[in-house]
Structure formats: C-alpha cells, structure tokens
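Please take a moment to look over the sequence and the 3D structure before reading on. The paragraphs below then go through the parts in turn.

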Amino acid sequence: MTGTTGVATDSGTGAEQALRPHAEDAFAAELKALDAADDRPRPARWNLSPWAVATYLLGGTLPDGTVITPKYVGPRRIVEVAVTTLATDRALLLLGVPGTAKTWVSEHLAAAISGDSTLLVQGTAGTPEEAIRYGWNYAQLLTNGPSRDALVPSPVMRAMAEGRIARVEELTRIPADVQDSLITILSEKTLPIPELGAETQAVRGFNMIATANDRDRGVNDLSSALRRRFNTVVLPLPASAEDEVDIVTRRVDQLGSGLDLPAVPDGATEIRRVVTVFRELRGGVTEDGRTKLKSPSGTLSTAEAISVVTNGLALAAHFGDGVLRAGDVAAGILGAVVRDPAADRLIWHEYLETVIRERDGWKDFYRACREVSA
Ligand SMILES: Nc1ncnc2c1ncn2[C@@H]1O[C@H](COP(=O)(O)OP(=O)(O)O)[C@@H](O)[C@H]1O
Ligand SMILES: [Mg+2]
C-alpha cells in the first residue's frame, strides 16, 4: 500500500522493520483472511463488510479456522454502533477518559475499513487550518502561482478524494475557529479551494473518526454545529478487573514480543496486582467495597497499567531472572500514582499502610513498594 495511498515509507519491507507498524501492516494476514471469508455486502469503497470490521476489532474464529485476535475488549454493541456510524453520512466521535483505547480503536477501524490508518491529523492547540484543509508548496506557488500542483492536500483532503477514513486525534484541543473548517467538510462533503475557484468533493467511502478526551471538556468545547455532524460513542473504562487484566496481558504480550521480552504467563500475579491497585485508587474504594480511599490526581488508566507492566518486564529481563516480580513493577506504580508530589504521596502512603500492608499474600509487594516509596 506504500506510495499510492498511505504515507510513503522509504523501505520496501517497512512492516517488519518499523518500530511500530501501522495496524494494516501488523494485522495484514488477519485482514486478508477476513476479506476472503467475508461474503456480506460492503459499503462503497470499504475493504470489508461492517460485520467483518466488527469481527476484526472484537476477534473471532473464521470458518477456515483463522483466529482473529481481539483488538478491543469491551461491549460488542459499542463496536457495532461505531462501525455502523461510519457507513452513514455522520462522522464518528470517540469520547472517553485517557487510556480507554480511543486512538487504538480509531486506528483499527481505519485500517479495517480503508486499509489505511495513516490519514491522520493530530489535534493540538497549535493545529493550523492547513492541517485540516490544504497548504501550499511555496516554491511552486511563487514560480507558477496557485495551481493544483502547488497545493499540498491535508490528510482529510486526501481521504475525501480517495473515499477513505480520515482520523482527527484530540479534536477538542484544536482551536474553535480551526475546528469550524470541519463543518463544511462534514455537512457539504466538499472542501472549497477559493484560490483556484475549485473544490474537492468527497467521494463515497469518505468519513471521519475523531477522538476527544472527556477531561478536556471545556478546553475547546465542540460547537453545537460541529457536534451535530458526529455520532458520539463513549468508550468506557474496563467493566471488571478480569477484563482489565485480560487487556493488559494481551497488550503487554504484543508489545513485549516486539521488544524481545519474555512472555508473560497467563494471569501473572503482578499484572493482577497492578490492575487491582489502579482500579482501587481510581475508583476510590477497595475491591471488597469495605474501605473508602482517596483518589490520586493521575488517571491511572489501563494504558498506564500496560506501560508499568511492560517496563517491569524489561527490568525483569535485563536485571532480574526473567520472571516478573513485585520489585519490577513497584517503581512504575509509584510513578503513575504520585503525580502531585505533596497530595498524591500522602494518598499513596495511606493506601500502602492501611490496605496493601494488611492484604493476605501481598507481603512481597508491600515490601517492594515500601522500598521505592521511602
Ligand atoms: N478496552 C480496551 N481494549 C483493548 N485495549 C485497550 C482497552 N483499553 C485500553 N487499551 C489499550 O490501552 C492503550 C492506550 O490506548 P489509547 O488508544 O492510546 O487510549 P486513548 O486514546 O483513549 O487515550 C492501547 O495500547 C490499547 O490497546
Ligand atoms: Mg488517544
């Protein structure tokens, strides 16, 4: 797919060499198997039917025995609504607290539908209108004046022309006037180019997935005009500790194999402990519901749990005996919990001394945490 569609990469074997291959490359075999097995109707320019896209995200086994790994662990209905939205004329807004897989789901949806997850605009306070519309190649512009050749299309403009999915990350961080340039694109499905007296019309297959952080609300709230163009799907935090352990184990395994780290045994004790600590502090109550806790300022998201465990695994591999132990995750947990040195440290100490210390079978964990907290 290099060259014609996605961002040009300079090596032919980019997929295996890249530090972080795009979803469409990393899961090319699964996508191919789904394509072969998929006999349901596909919306215009979709690589797969909505059913196959949902199966790609949620996992399953195909009639020929091919196993599709679950990418997203969560309510099936959420994925079905998200996929269906993209087959309509409304765009999809994935909303949620940090670390609920908004970016992850967006990338996989684009990969499965368009075979290209790279038509991406990263939203920041400094995102200019050109990042959403188009810019100019100034050398060309000065010599030849405004022309199609001098125009540098944005990823959104390319998605419109090619009938693919465009992605906008962190939509609410983009200044309101720049956000507004999306209204015409999403409602009229056209991008006017006044300098050329022309326009780019979106072809069928074009749609957009935006992500936004729940906690950013109020930073640059979406205008109601723009919000109406989107169907909002809220990605929840994992419902149960089991789900969260499952997500962390899967992702750590995938990330770890890319880094040549040892595999984690299923239900590894330390993963369960990291997840327990995160869930308890996040929820403000112990698992048994008996003790109320204060929540620290950090999000303690699933994504952070994944990185604590991955770092722990690297410590175990390089400086330990290869087995993930309490001492390998303790420093990472502390770093995730104590963001505000004063307030969070107090909260952590109270939790450590009243909950972790008293918990059966957690002595080694308590000691490891004490050691790094001193
Ligand atoms: N429900 C989930 N299912 C699968 N992976 C998840 C889930 N929640 C979080 N993750 C993992 O967390 C990591 C970070 O997610 P990300 O998409 O960056 O979060 P967000 O964009 O919502 O802040 C990803 O590696 C993703 O695999
Ligand atoms: Mg994100």
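The model shown here is a predicted one, and its chain has 17 helices and eleven strands. A compact globule of 374 residues would have a radius of gyration near 21 Å, and since the chain has 23 Å, the value agrees with that expectation. Taken along the principal axes, the C-alpha atoms of the chain fill a box of roughly 70 × 50 × 40 Å. Of the 374 residues, 41% are buried. If one considers the contacts in the chain with a separation of 6 or more, 68% of them are made by residues 24 or more positions apart.

The chain is divided into two parts, domain 1 (14-234) and domain 2 (241-373), and their centres, taken over C-alpha atoms, are separated by 34 Å. Where the two domains meet, four residues of domain 1 are in contact with eight residues of domain 2. The side of domain 1 that touches domain 2 has, by class, three nonpolar residues, one polar residue and no charged residues.

Which domains supply the shell around ligand 1? Both domain 1 and domain 2 do, each giving at least three residues. There are 18 residues around the ligand, and those that come nearest are A101, K102, T103, W104 and A303. The elements that contribute two or more residues to this shell are α6 (102-114), α12 (241-258) and α14 (302-319). Sorted by class, the shell around ligand 1 holds nine nonpolar, seven polar and two charged residues.

The buried residues of α13 are E270, I271, R273, V274, V275, T276, V277, F278, R279, E280 and L281. Among the elements that cover them are α12 and α14, together with α15 (326-337), α16 (341-356) and α17 (363-373). After α13 comes G284, whose phi is positive, near 75°.

Two loop residues complete the tour. V97 lies in the loop between β3 (91-96) and α6, and because V97 has 17 C-beta neighbours inside 10 Å, this residue counts as partly exposed. Although V97 and P238 are 141 residues apart along the chain, their C-alpha atoms are separated by 11 Å.

The second residue, S223, lies in the loop between β10 (207-213) and α11 (224-227). S223 has 14 other C-beta atoms within 10 Å, and so S223 is partly exposed. If its neighbours within four places in sequence are left aside, S223 is in contact with A176, Q179 and D180. From S223 to V329 there are 106 residues in sequence, and the two C-alpha atoms are 43 Å apart in space.

Conventions:
Residues numbered from 1 in each chain as written. Chains lettered and ligands numbered in written order. Predicted model: local features only at pLDDT ≥ 70, side-chain atom pairs only at ≥ 80, totals over all residues. Near = placed C-beta within 6 Å. Helix = DSSP H or I, 4+ residues; strand = E, 2+ residues; numbered from the N terminus. Nonpolar A, V, L, I, M, F, W, Y, C, P; charged D, E, K, R; others polar. Domains from an automatic or database assignment. Buried ≥ 20, exposed ≤ 12 C-beta atoms within 10 Å, placed from the backbone. Contact = placed C-beta atoms within 7 Å. Rg over C-alpha atoms; globule rule 2.2 N^0.38 Å.
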